[in-house]
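Hi,

Here is the structure I promised to pass on. Have a look at it first, and then read on for what turned up.

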Amino acid sequence: MVILLERQSVKSCILRSVGYDDTMKNLEIEFHSGLVYQYSGVPSKVYADLMSSSAVGKYFSEKVRNRFRAKQLVA
């Protein structure tokens, strides 16, 4: 059973919503395609910077994608 994090909607061409678990350092990303990925070992500063970025999708692509271990979640 997969427990999805509570996510906040974001304004982005590629991302629909973002959630974060500070205890586990897991970042959860929902794409407009409907796919959901969880990135592990993400520092809280990266999450905060992502959420405050004026270009959320670009920040994700440059600072998160391919830098942290990811797994696709199946709801």
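Let me start with E28, because it counts as buried: its relative accessible area is 0%, and the cut-off for buried is under 20%. Do keep in mind that this is a predicted model.

So where does E28 sit, and what is around it? E28 belongs to strand 3, and across from it in strand 4 stands Q38. The side chains of E28 and Q38 are also joined by a polar contact of 3.4 Å.

Now the strands themselves. Strand 3 covers residues 26–31 and strand 4 covers residues 36–40; they run antiparallel and pair over five bridges. Four residues lie between them in the hairpin, where G34 has a positive phi near 100°. Strand 4 also pairs with strand 5 (residues 69–73), again in the antiparallel sense and over five bridges. In that pairing, Y37 has Q72 in strand 5 as its bridge partner.

Then there's the nonpolar side of things. Which residues have the most contacts inside the largest nonpolar core? They are L27, I29, Y39, L50 and F60, in a core of 17 residues. At least two residues of this core come from each of strand 2 (15–21), strand 3, helix 1 (44–52) and helix 2 (56–63).

Beyond its neighbours within four places in sequence, L27 is in contact with a list of residues including V18, Y20, Y39, V42, Y47, L50 and V64. Q38, the residue opposite E28, is in contact with L27 as well.

Cheers

How values were computed: Residues are numbered from 1 along each chain as its sequence is written. This is a predicted model: local features need pLDDT of at least 70, side-chain atom pairs count only at pLDDT 80 or more; totals for chains, interfaces and linings use all residues. Side-chain values use heavy atoms; hydrogens and water are left out. Two strands pair if DSSP finds at least two bridges between them. A nonpolar core is a set of buried Ala, Val, Leu, Ile, Met, Phe, Trp, Tyr and Cys residues joined through side-chain atoms within 4.5 Å. Buried means under 20% relative accessible area, exposed over 50%, partly exposed in between (1.4 Å probe, protein chains only). Contact means heavy atoms within 4.5 Å. A polar contact is a pair of N or O atoms within 3.5 Å; within protein, one must be able to donate a hydrogen and the other to accept it, and residues adjacent in sequence count only if both atoms are side-chain atoms.
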